[in-house]
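Me: I'd like to learn how to read a protein structure, one feature at a time. Could you walk me through this one?

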Amino acid sequence: DGTKYDLYQDGLKIYTTIDSRMQRYAEEAVSEHMQEQQKAFFKELKRKKNAPFSRDLTPQEVDGIMSRSMRQTERYRLMKKAGVKNDSIQKAFHTPREMQIFTYERGLVDTIMSPYDSIKWQKSFLRCGFMSMDPHTGHVKAYVGGPNFTHFQYDMVTKGRRQVGSTVKPYLYTLAMDEGLWPCEKTVNEPITLIDGNGKEWTPRDTHDKNKGDTVTLTWGLQNSSNWISAYLMSLFTPEQLVKIMRSFGIQGQLDPVISLCLGPCEVSVEEMVDAYTTFVNKGIRTEPLYVTHIEDNKGNVIGLFTPKTHEVISETTAYKMIYMLRAVMDHGTGVRVRYKYGIQTPMGGKTGTTNNNSDGWFMCFTPSLVNGAWVGGEDRAIHFDNLAQGQGASMALPICALYLQKVLADPDLGYQQNEHFEVPSWFNPNAGCE
């Protein structure tokens, strides 16, 4: 009759795309990995006088972060509303009192701690986001917005936006492939200096010094996440072209048209990244995430029916080129520990990502029937592992996807097979452009 439905009283049935079994596997994977990750992080924090913040921060910078965090608490708002003076508020925040704090091992624990230190304790826990979806139907199968919903309720899948690092590189390589380049194209792996829009020189650093001067293929560049090869590709195009193709992939946030965009300084959500990577599996067609299929009223009448929205982004041939290169990442490159450590042998493509100072760890991966994305990092960018071995995306985020896929592929009732294959036609030859 035109009046609004009441979700709590009108007896509506809302049918979600989430698979309860896959959701359970995702939550178990997050819990298992994050607890191990947290043990390692606490071990590192013991050696930091600024804990949980990086050694690089000055005391003034720490005070600035903590002051902002204090002002966001309910305690601060209530005291301010009651007219309590700032000095008294500061004293209250630094006075130890009885309280409960969260731990992975024992849940809530009774302790005596100042509210100020309890904020630091809460910040000491790494956060995460994970999403898994069917690239063909858009159905979101699993969704975990954080390590523990009760104590970390900020959703790091759709609400949180973090720098994506090298997981942005497939968009740049897609631009190159779409403009006629091929995975087998060769270039020299060496430092390259570009000039930005303000006339300033920009020379990215790289970790592949041992291969300096080697002639390499573009496939090698992507599988090893070479910044020098990305800069070389960036020299062939304009930042505006990269922004345009990223928009077509569904990236909605701020994208500055600068040459360094090719290394992923932009902030993107996990949801947008998973959405974007469906393009590779789906023959160049991007499928938007779908969370609800339909809604019925209390009489069984369908009052809402939802279908996935799709967008043509790239040609099928470009998608096949990208699948070829992104599979090399998993079989020989930065994602290879999925193979040797977790024993997953199903055909996969993917990409790791690590931002400056190890502030963000990313891992994107896809099988022929699932696209998965994970991010791990601190509440603030200044909270992170100081060493690359533990702070890189392959250590921080990859295990969540790997543990999840282990469980999904081991469950015969779900129907996902280890021997699935990508729908790449027999006529496709990744070396065609170099023959």
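Reply: Happy to! Keep in mind that this is a predicted model. Let's begin with a pair of helices: α10 (residues 270-281) and α11 (residues 316-332) pack at an angle of about 105 degrees, and their axes are 7 Å apart.

Me: How are α10 and α11 oriented to each other, given that angle?

Reply: Angles of 65 to 115 degrees count as roughly perpendicular, and α10 and α11 are therefore roughly perpendicular to each other.

Me: Which residues of α10 and α11 meet?

Reply: From α10 come T279, F280 and V281, and they meet A319, M322, I323 and L326 of α11. Sorted by class, this contact has 6 nonpolar residues, 1 polar and no charged ones.

Me: What does the packing of α6 and α8 look like?

Reply: Helix α6 (residues 169-178) packs with helix α8 (residues 227-236) at an angle of about 45 degrees, their axes 10 Å apart. These two are therefore oblique to each other, and α6 passes α8 in a left-handed crossing. On the α6 side, K169, L172, Y173 and A176 take part, meeting N227, I229, S230, L233 and M234 in α8. By class, that contact has 6 nonpolar, 2 polar and 1 charged residues.

Me: Now I'd like to look inside. How should I think about a core?

Reply: Start with the general idea: in soluble globular proteins, nonpolar side chains tend to be buried together. Here, the largest nonpolar core has 59 residues, and those with the most contacts inside it are Y171, L242, M246, M273, Y277 and F366. Helix α10 gives the most to this core, with 7 residues. Another core, of 58 residues, lies apart from it; F93, F385, M396 and V408 are among its members.

Me: Which residues does Y171 touch?

Reply: Not counting residues up to four places away in sequence, Y171 touches L242, I245, M246, F249, I251, M273, A276 and Y277.

Me: Which residues of α9 are buried?

Reply: A general point first: an α-helix has 3.6 residues a turn, so residues three or four places apart point the same way. In α9 (residues 239-248), the buried residues are P239, L242, V243, I245 and M246. They pack against α6 and α8.

Me: What should I look for in the backbone?

Reply: Most residues other than glycine have a negative phi, and most peptide bonds are trans. With that in mind, look at S225, which is not a glycine but has a positive phi of about 55 degrees. S225 sits in the loop between α7 (218-223) and α8. N357, also not a glycine, has a positive phi of about 65 degrees, and its place is the loop between β16 (349-354) and β17 (360-366). Just after α9, G250 takes a positive phi of about 95 degrees.

Me: Is S225 buried or exposed?

Reply: Buried means under 20% relative accessible area. S225 is at 13%, so it counts as buried.

Me: Where is there a cis peptide bond?

Reply: Look between A51 and P52, where omega is about 10 degrees. P52 belongs to the loop between α1 (20-45) and α2 (59-71).

Me: How far apart are K407 and E28?

Reply: In sequence they are 379 residues apart, but in space 9.3 Å, C-alpha to C-alpha. K407 lies in helix α15 (residues 398-409) and is partly exposed, with a relative accessible area of 23%. Leaving aside neighbours within four places in sequence, K407 is in contact with Y25, E28, A29 and E32.

Terms used: Residues numbered from 1 in each chain as written. Predicted model: local features only at pLDDT ≥ 70, side-chain atom pairs only at ≥ 80, totals over all residues. Heavy atoms only, no water. Axes fitted to C-alpha atoms, helices over the stretch in contact; angles between N-to-C directions. Helix = DSSP H or I, 4+ residues; strand = E, 2+ residues; numbered from the N terminus. Parallel < 35°, antiparallel > 145°, perpendicular 65-115°, else oblique. Contact = heavy atoms within 4.5 Å. Nonpolar A, V, L, I, M, F, W, Y, C, P; charged D, E, K, R; others polar. Left-handed = near helix turned anticlockwise from the far one by under 90°. Core = buried A, V, L, I, M, F, W, Y, C linked by side-chain atoms within 4.5 Å. Buried < 20%, exposed > 50% of the residue type's maximum accessible area, 1.4 Å probe, protein only.
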